[in-house]
Amino acid sequence: MYRVQFIIQRPGYRKRYLSGFYIPSKEDMPIPEMKQECTEFIRKRLQREDSRFMDFTMELTVFRRMKVDFIYQATPNPDP
């Protein structure tokens, strides 16, 4: 798991910061490939929400491996 942060900016406007977590799609992926996969995911997601994001520049500024022992995603219990 990696902590990632992007700076996105539209020409003439202030910078915006996006941060989150990235889990690679496969084991033993090279770092440059992981960065590209993560960047393309964010770019496509933003452009799908609003086509104006096509004009934005995007820069990956933080890509750090997180040292965690486990990840727990709570899900609601189904009704009996």
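**View 1. Arg52 and Asp50 pair up through their side chains in a salt bridge, 2.8 Å from N to O.** Here a salt bridge means a side-chain nitrogen of Lys or Arg within 4 Å of a carboxyl oxygen of Asp or Glu. This is a predicted model, so local features need pLDDT of at least 70 and side-chain atom pairs pLDDT 80 or more, while totals for chains, interfaces and linings use all residues. Residues are numbered from 1 along each chain as its sequence is written, and side-chain values use heavy atoms, with hydrogens and water left out. Both partners are partly exposed: Arg52 has a relative accessible area of 48%, and Asp50 has 23%. For these labels, buried is under 20% relative accessible area, exposed is over 50%, and partly exposed lies in between (1.4 Å probe, protein chains only).

View 2. Glu49 counts as exposed at 57% relative accessibility, whereas Arg45 is partly exposed at 40%. Helices (H or I, at least four residues) and strands (E, at least two) are DSSP runs, numbered from the N terminus.

**View 3. Lys26 reaches Glu33 in a salt bridge, with the closest N and O atoms 3.7 Å apart.** Lys26 is partly exposed at 49% relative accessibility, and so is Glu33 at 34%. The structure holds three salt bridges.

**View 4. Three strands line up as β2-β1-β3 in an open sheet with antiparallel pairing.** β2 (15–22) and β3 take the edges with a single partner strand each, so one side of each has no neighbour in the sheet. On average, neighbouring strands are turned by 20° against each other, direction ignored. Eight bridges join antiparallel β1 and β2; strands pair if DSSP finds at least two bridges between them. Val4 stands opposite Gly20 in β2.

**View 5. Val4 and Tyr22 have the most contacts inside the largest nonpolar core, which has 14 residues.** Such a core is a set of buried Ala, Val, Leu, Ile, Met, Phe, Trp, Tyr and Cys residues joined through side-chain atoms within 4.5 Å. β1 (2–9), α1 (31–49) and β3 (57–65) each give two or more residues to this core. Leaving aside neighbours within four places in sequence, Val4 is in contact (heavy atoms within 4.5 Å) with residues including Leu18, Tyr22, Cys38, Leu60 and Phe63.

Terms used:
Axes fitted to C-alpha atoms, helices over the stretch in contact; angles between N-to-C directions.
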